[in-house]
Structures are given as C-alpha cells and as structure tokens.
Amino acid sequence: MTSSFDLNASFAALADPTRRAILARLALGEATVNELAQPFEMTQPAISQHLKVLEEAGLIVQRVDGTRRPRRLAKAGIDAMDQWLAMLRKALEKNYDRLDAVLATMEPNSKRKRQ
Amino acid sequence: MNTMTTTKMTLKTEGDTHIVVTRHFAASPEAVYRAHTDPKIIQKWLLGPEGWTMPVCINEARPGGKFRYEWTNKKGQGFFVTGEFVELQPYSKIVHIERMHLPDPTPDNHVETRFEPDGSGTLMTMRMTLPDAQTRAAMLATGMEHGMEASYVRLESMI
C-alpha cells in the first residue's frame, strides 16, 4: 500500500452502493464508461461522476487507448475488493463457529475429545 | 496484525459464476443436515455479523417447499431472503434457490449444499451458481455491506 493511499477518502468512496457495484464490475476486468453505465440504467455523466470519486480515492485508474478511456482497479481498489471478500468470509465463518456450538449440544452421545 | 485465521473454512470463486464454500464440522452429516433444515436450529446460527437476529424463520424443507428468513439489528435495520427447495436428500444434499430482498430482489442464487462423512465428522461443500459474472461480483459486494459498518467503527477508532 502506498503512503499516499487515503483511507478516509477510500471509505467515503465505498459508502455508495453504485460505486461498490462499479468496483465489483471492474474486478472482472477493465471497462469503459459506456460499458459501466449499461447495467446501472444511469446516464454517462452520472457514472463519470462516480468514476471521478473512485479515481480521486485512488481505487481505480484509467488508461488511454485511442479514443477509449478504459478504467481498471488500482492496487487500492484490489485491496478493497479483497477486504470485502474477507468480510463475507468473516460473516460465514462466524455463522459456522456458532453452528459448531449448536452441533455440540445436538449430539450429547457423540465422542467427546479429551481436553 | 491479524492474519488469516480462517483455516477451517474455504471460500473461493470458480469459473465466472460460482462461489464454493467448504467447512468441516465435528458432527455427523445427519446433525449438520438437520441444522440446515430445522428452523429452530437455523435461528441459532445463521445470523451473520455480531448484533443481528433472525426473528422470522420459515422453512418448509421439502421439494417445492418455500423458506423465508428475516434479519434485524438493534438499530431497526433489516432485510430478508426468500427461496424454494428444489431437492432434498437426507442427510447428504440440499438444493435450493434463494434471493435477497434489499428490498428489491437480487437475481436468483442457485445453491447446492452437500454433506459428506469426513473422518468422524462432516465435510460441507456449498456451491452457489449465479446467473452471470456481473451478478456474482455484485453479490460479493452486497454481502460485504454489513461488514462496511464494522469497518467504519474500526476506522473511527483509528482516527
């Protein structure tokens, strides 16, 4: 993580569901404003505004390809996606830890490990 | 620094549309299967992050049967999941379709959960299939919204 990575701006950028969805889309590969606007039923200027916020937060970068300006995840954006995945993982892990405790009470006759 | 402690559970994406979760349990496939189909038991563990409860848990565990889970937290926030069972093979397999309501329904998530004997316990393999890559990516992002709040709290304590 670079020292210029602004955690605060990054979290603010992630607070919006459309911006999270844009990041989720870019996790699949780079995309142009047009391609990003399609599934959201939003105008291009609206999407561009979201992209600007994500860019300023250091979560995405753009590349010049002729007249196209495809966006892709920056390192910080990839970290953010990983963090989200880790959160889902954590929620499931929490469920299954609770299930362990429930299962322990369901099978009183099963072998008990000696501690 | 808190490093990976989730050695017991694996969560990975597969192909463009799948998410596969595996977890070992120190109980028989029958017990683990029952914990996934008996509403009274489901209410005790299928709660996600700390602070959420499931006041409504309807589960008709038979082919074609419906289920509905409603979650809420102390702030009065909430959401629910509805779905239908496609196939039930006691105590080895559950196939169901589910969608989250936020409140608009998300695209259908097709879920196959298998329970296999694994040593003296059970290996659970849950395989989710989303309609397309975009939906899967969006779902991963949605599932993480809950965690966002915890992150904010953590962030606040850091500043």
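**A guided reading of a predicted two-chain model**

In chain B, B:Leu11 stands opposite B:Val21 of strand 2. Residues are numbered from 1 along each chain as its sequence is written, while chains are lettered from A and ligands numbered from 1 in the order in which they are written.

Strand 1 (residues 9–14) of chain B runs antiparallel to strand 2 of chain B, and six bridges join them. Strands are here DSSP runs of E with at least two residues, helices are DSSP runs of H or I with at least four residues, and both are numbered from the N terminus. Two strands count as paired if DSSP finds at least two bridges between them. With three residues between them, strand 1 and strand 2 of chain B form a hairpin, and B:Gly15 in its turn has a positive phi of about 55 degrees. Strand 2 of chain B is also joined to strand 8 (residues 121–129) of chain B, by eight bridges in an antiparallel arrangement. Within strand 8 of chain B, B:Met128 is the bridge partner of B:Ile19.

In a regular strand the side chains alternate between the two faces of the sheet. Strand 2 (residues 18–25) of chain B has a covered face made of B:Ile19, B:Val21, B:Arg23 and B:Phe25. Its uncovered face consists of B:His18, B:Val20, B:Thr22 and B:His24.

Chain B as a whole comprises four helices and eight strands. From the N terminus on, these elements run β-β-α-α-β-β-β-β-β-β-α-α. Of the 159 residues in chain B, 21% are buried; a residue is buried if 20 or more other C-beta atoms lie within 10 Å of its own, exposed if 12 or fewer do, and partly exposed in between, with C-beta atoms placed from the backbone. Contacts describe the fold in another way: two residues are in contact if their C-beta atoms, placed from the backbone, lie within 7 Å. Among the contacts in chain B with a separation of 6 or more, 33% involve residues 24 or more positions apart. One local feature concerns the backbone: the peptide bond from B:Pro90 to B:Tyr91 is cis, with omega near -10 degrees. B:Tyr91 lies in the loop between strand 5 (78–89) and strand 6 (93–101) of chain B.

Chain A has five helices and two strands, in the order α-α-α-α-β-β-α along the sequence. Of its 115 residues, 30% count as buried. For contacts in chain A between residues at least 6 apart in sequence, 54% join residues at least 24 apart.

Where do the nonpolar residues gather? A nonpolar core is a set of buried Ala, Val, Leu, Ile, Met, Phe, Trp, Tyr and Cys residues joined through C-beta atoms within 7 Å. The largest such core has 19 residues, and those with the most contacts inside it are A:Leu23, A:Leu26, A:Leu54, A:Leu59, A:Ile60 and A:Leu73. Helix 1 (7–14), helix 2 (17–26), helix 3 (33–37), helix 4 (44–56) and helix 5 (75–106) of chain A each supply at least two of the core residues. Helix 2 of chain A gives the largest share of this core, four residues. Another core, of 15 residues, lies apart from it and includes B:Ala35, B:Ile41, B:Leu46 and B:Met124.

Helix 2 of chain A is mostly covered, with seven of its ten residues buried; among them are A:Arg19, A:Ile22 and A:Leu23. A:Leu54 belongs to helix 4 of chain A. Why does A:Leu54 count as buried? The reason is that A:Leu54 has 28 C-beta neighbours inside 10 Å. Leaving aside residues up to four places away in sequence, A:Leu54 touches A:Ala13, A:Arg19, A:Ile22, A:Leu59 and A:Ile60. The C-alpha atoms of A:Leu54 and A:Leu23 are separated by 8.6 Å, although these residues are 31 apart along the chain.

Confidence is expressed by pLDDT, the predictor's confidence in each residue, from 0 to 100. Chain A averages 78, and 75% of its residues score at least 70. Over residues 1–5 of chain A the pLDDT is below 50. Chain B has a mean of 81, with 79% of its residues at 70 or more. In chain B, pLDDT stays under 50 over residues 144–159, for which the model has 17 contacts beyond four places in sequence. For the complex, the predictor gives an ipTM of 0.79 and a pTM of 0.68.

Note on methods: Predicted model: local features only at pLDDT ≥ 70, side-chain atom pairs only at ≥ 80, totals over all residues.
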